[in-house]
Amino acid sequence: MSDRTINQQPHTPHQQSHGEPGAHTSHSHGHGSEPDDFAVQIADSVESFVLAVTEVAKGDEPGSAVSLLLLEVSQLLLAGGRLGAIEDVVPEDRFEPDAGPEPDGEQLRERLAVLLAPIDVYHEVFDPYGPPEKPNAFRISDDLAGVVSELQHGLTHYREGRVSEALWWWQFSYLSNWGTTCTAVLRALQSLIAHVRLDSPIGAVPDGADTDDDGLTDEQLEQQAGDLMAAELGLGR
């Protein structure tokens, strides 16, 4: 871990002494410095994703929800790839400055869960390079709300002029969490579209999956998911 020193102490689990993701250093911005083109582009991508997911969650255009989310997650992963490819961002302070209260993502999660109900649960193996493991059940709504919350944390730093802090946070959280999460969500969304476009039925949810008991059978869930995607893509069923 790097040694970062200011008078403030960490005040949330995220705000601890920062350990750089790797061994080399670059992209340092002092307090109040103007962001360079790279920082501006990353911040624009992050803000665009947060705004787009928030708008989709309102449910005003349910017929385009999956396609829009596929596009937005893909674009965010491009920004994440750029963060992962550069040298490590090293901010000046040892401890993360107070970014204020964490945003409450529960309302966003609930809206996404309602919007995506028939297709919300998907299955993924956490680490493709780890030991063989049973796929786990996840929810697109939970994942996207969590990613938005992490990105907003960095946006708070960026908007207050702490450019290097924002870049450090986005890079670290991409490598440690939201990069993996978005990759899994992207696979799920792409799979949904592929099932419909290729006229391949969406399989029943395996026994024991975390789907919540909503009174629907697996066959009904499958039919709802297929109908939702067919309507979105303008295909007759």
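Helices (H or I, at least four residues) and strands (E, at least two) are DSSP runs, numbered from the N terminus. The model is predicted, so that local features need pLDDT of at least 70 and side-chain atom pairs count only at pLDDT 80 or more, while totals for chains, interfaces and linings use all residues. Residues are numbered from 1 along each chain as its sequence is written, and side-chain values use heavy atoms, with hydrogens and water left out.

**Exercise 1.** Work out which pattern of helices and strands the protein follows along its sequence.

*Solution.* Begin with the elements, which are 6 helices and 2 strands. Reading along the sequence then gives α-α-α-β-β-α-α-α.

**Exercise 2.** Describe how glutamate 106 and arginine 109 are placed in helix H3.

*Solution.* First, the two residues form a salt bridge, with the closest N and O atoms 2.7 Å apart; the term requires a side-chain nitrogen of Lys or Arg within 4 Å of a carboxyl oxygen of Asp or Glu. Next, they are 3 residues apart in helix H3 (residues 106-115), which means that about one helical turn separates them. Finally, Glu106, Arg109 and Asp142 are linked in a network of salt bridges.
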